[in-house]
Amino acid sequence: MRKTWYVGLVVAGMGMLAACSSSSNKKMEDTATAKCGDKTVAQSGSLEGTGDSIGWIAGVDWGSGTLTRPDGTQHKFHYRGVKGLETGLAHASFKGEVYNLQVIEDFIGVYYGAGKNFDLVVGSGEYVLNNSKCVVIKVTSKTEGIQLSAPGPGGVHVQLGE
């Protein structure tokens with residue numbers, strides 16, 4: 001069962017790579033907000049957490065974190081995702097901002113976007129993702145391990161809870 005799940009994620013990641021290759025020349029911010037049109041971008045929270053990744057050509061990521069809203073309320077979340085053109089094994093910690101989040105239920109879902117990352121032992125990366133509700137996440141990560149990740153598309157499924 002678990003092996004089938006990972007194979008499905010890898011296949012989905014490769015499909016996203018093919019579907020998004022025509023937009024690879026756009027800035028990361030443009031890629032993340034393209035589907036949201038003229039919607040005003042307003043910061044509506046911050047997040048931090050940790051995660052792990054493993055990959056060969058396409059990578060699989062998983063982890064958890066905490067979303068903090070402007071009023072101080074905190075929400076635990078976990079995620080699983082795929083990214084094309086990623087190879088290696090790494091553990092990361094991340095911090096970032098959340099934009100356009102009106103109600104907490106809009107945080108749940110699948111986020112797509114692009115990132116760039118090249119790590120050998122210790123490094124950093126930047127990722128910008130958005131979901132179908134136009135919630136945008138901009139994250140900076142610090143990674144330990146060996147990982148090579150070209151600028152390219154990725155997808156992450158986010159759920160609330162431990």
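Student: Which residue in strand 2 does S53 stand opposite?
Tutor: First, the ground rules. This is a predicted model, where local features need pLDDT of at least 70, side-chain atom pairs count only at pLDDT 80 or more, and totals for chains, interfaces and linings use all residues. Residues are numbered from 1 along each chain as its sequence is written, and side-chain values use heavy atoms, with hydrogens and water left out. Strands (E, at least two residues) and helices (H or I, at least four) are DSSP runs, numbered from the N terminus. Two strands pair if DSSP finds at least two bridges between them. Now the case: S53 lies in strand 1, and S53 stands opposite D61 in strand 2.

Student: How many bridges join strand 1 to strand 2?
Tutor: There are 11 bridges between strand 1 (residues 43-56) and strand 2, and the two run antiparallel. They form a hairpin with 1 residue between them. I57 sits in that turn, with a positive phi of about 75°.

Student: How does strand 2 run relative to strand 3, parallel or antiparallel?
Tutor: Antiparallel, with 11 bridges joining strand 2 to strand 3 (residues 74-84). L67 stands opposite H75 in strand 3. This hairpin has 5 residues between its strands. In its turn, G72 has a positive phi of about 95°.

Student: How many residues of strand 2 are buried?
Tutor: Start with the term. Buried means under 20% relative accessible area, exposed means over 50%, and partly exposed is in between (1.4 Å probe, protein chains only). Strand 2 (residues 58-68) has 8 of its 11 residues buried, so the strand is mostly covered.

Student: Why does S53 count as buried?
Tutor: S53 counts as buried because its relative accessibility is 5%.

Student: What does S53 touch?
Tutor: Contact means heavy atoms within 4.5 Å. Leaving out residues up to four places away in sequence, S53 touches V60, D61, W62, E86, G88, L89, A90 and Q147.

Student: How many salt bridges does the count come to?
Tutor: Side chains of opposite charge can pair when their charged atoms come close. The rule for a salt bridge is a side-chain nitrogen of Lys or Arg within 4 Å of a carboxyl oxygen of Asp or Glu. By this rule the count is 1. The side chains of K133 and D106 form a salt bridge, at 3.8 Å from N to O. The pair links distant parts of the chain, 27 residues apart. K133 is in the loop between strand 5 (109-130) and strand 6 (136-160), and D106 is in the loop between strand 4 (86-99) and strand 5. K133 is partly exposed, at 45% relative accessible area, whereas D106 is buried, at 16%.

Student: How many aromatic pairs does the structure hold?
Tutor: A pair of aromatic rings is described by the distance of the centres and the angle of the planes. Rings of Phe, Tyr and Trp (its six-membered ring) pair if their centres lie within 6.5 Å; planes under 30 degrees apart count as stacked, over 60 as edge-to-face and the rest as tilted. The structure holds 3 aromatic pairs. In one of them, the rings of F77 and F107 have centres 5.4 Å apart and planes at 75°, so the pair is edge-to-face. F77 is in strand 3 and F107 in the loop between strand 4 and strand 5, 30 residues apart. F77 is buried, at 4% relative accessible area, and F107 is buried, at 0%. Ring pairs link F77, F107 and Y111 into a cluster.

Student: What is the phi of N100?
Tutor: Phi of N100 is near 65°, a positive value in a residue other than glycine. N100 is in the loop between strand 4 and strand 5. C134 also has a positive phi, of about 65°, and is not a glycine. C134 lies in the loop between strand 5 and strand 6.

Student: Where is confidence lowest?
Tutor: pLDDT is the predictor's confidence in each residue, from 0 to 100. Confidence is lowest in helix 1 (residues 2-20), at a mean of 38, and highest in strand 1, at 96. Over residues 1-34 the pLDDT is below 50. The protein's mean pLDDT is 77, and 69% of its residues reach 70 or more.
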